[in-house]
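Here is a short report on one chain. It covers the overall build, then the aromatic rings.

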Amino acid sequence: MKTLDPLDGIAAFLTVSTHLSFTKAADELGMSRATVGAQVRQLEDRLGIRLFQRSTRKVVLTEAGAAYREALSGILPQIREAERAATSFQKEAVGRLRVSAPPDLGHLVIVPAVSEFLKLNPAVSLELDLSHRAVNLVEDGFDLAIRGRLEVDINLITRQLATSQIVICASPAYIDEHGAPESPHDLAHHSCLHFAELRWGRIWPFSRNGEEFRIPIVPRLELNHSLGLRDAALLGVGIVLLPDFIVGEDLRQGRLIRLLPDWHISTIQLQAVYPANRHIAVKVRRFVSFLAGKLRP
């Protein structure tokens, strides 16, 4: 036996009782007059009472109908307000936005951008989780994740935000003391600063003119934090391999010097990933577009 929804017919009843007309109620609700009449009859059958006296010219509330309307006073505006609150997420940027991102990209790019984004979207609050862990967006309750490399399943949408070149560099002080490598093979005689979570392991890949070399290195310093490696390179500890979104400003200011410029290492695709859904919240779409604009240069 079908379980009846307690709300079935209530909107129809309240609208008819306001206009005392099934035709006007149907127009307001965007239904046919027959549908409105059927919903009211089903409600009357469920309650076991007659709510309206009907004639060919007039509709009036019964005593029970008037009492029922009084008891329901205020419920329809509340329902419409609840619907408005829910649909507002699809019409404007509102609510809490939970974002997962790696610490280096978060500190250097996302955190500075967040303050501007929040000023432009005052109805949004943002929770930023900075870690290298691979989050499950749905199970962990994140709206989106930003990563340099992601294994993406069919239930996720991926949008490329930007690309970042990996470069090899060192401080002027280090180069003055130890010289600059002339080829990747010279790295065996240098102090190398290694990112512990690099997917290639302790091997630095180089290519030029169709030639590829995989250079094994013995790290003088190994960290799982790329900003810490950058700081060590700035202090002259050794040669480091890092994305240009981390060391780009240091290279432009001369605090670090790019080495082996004729050799290509790798390119990182910076991506935003969020659950596939026909109804993507405005706050997610707007933040992804905003971040893409910040990263594009």
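## Overall build

Of the chain's 297 residues, 41% count as buried. Buried means under 20% relative accessible area, exposed over 50%, and partly exposed in between (1.4 Å probe, protein chains only). The model is predicted: local features need pLDDT of at least 70, side-chain atom pairs count only at pLDDT 80 or more, and totals for chains, interfaces and linings use all residues. Residues are numbered from 1 along each chain as its sequence is written, and side-chain values use heavy atoms, with hydrogens and water left out.

The chain has 11 helices and 13 strands. Both are DSSP runs numbered from the N terminus: helices are H or I with at least four residues, strands are E with at least two. Take the contacts between residues at least 6 apart in sequence: 72% of them join residues at least 24 apart. A contact means heavy atoms within 4.5 Å. The accessible surface comes to about 16700 Å², and carbon and sulfur atoms hold 50% of that. Such areas come from the Shrake-Rupley method with a 1.4 Å probe; for residues, only the protein chains shown count as cover.

## Aromatic pairs

The structure holds 7 aromatic pairs. Rings of Phe, Tyr and Trp (its six-membered ring) pair if their centres lie within 6.5 Å; planes under 30 degrees apart count as stacked, over 60 as edge-to-face, and the rest as tilted. Phe 13 sits in helix H1 (residues 10-19) and Tyr 68 in helix H4 (residues 63-71), so the pair ties together parts 55 residues apart in sequence. Phe 13 counts as buried because its relative accessibility is 0%. Tyr 68, at 17%, also counts as buried.

Phe 117 and Phe 287 form an edge-to-face pair, with 4.9 Å between centres and 80 degrees between planes. This pair links distant parts of the chain: Phe 117 is in helix H6 (residues 103-120) and Phe 287 in helix H11 (residues 282-295), 170 residues apart. Both Phe 117 and Phe 287 are buried.

## Cluster and charge

Phe 13 and Tyr 68 return in one aromatic cluster with Phe 22 and Phe 52. Elsewhere, Arg 98 lies over the face of Phe 142, 4.2 Å from the ring centre. The criterion: NZ of Lys or CZ of Arg within 6 Å of the ring centre and within 35 degrees of the ring normal.

## An exposed site

Val 138 lies in helix H7 (residues 137-140). Val 138 counts as exposed because its relative accessibility is 62%.
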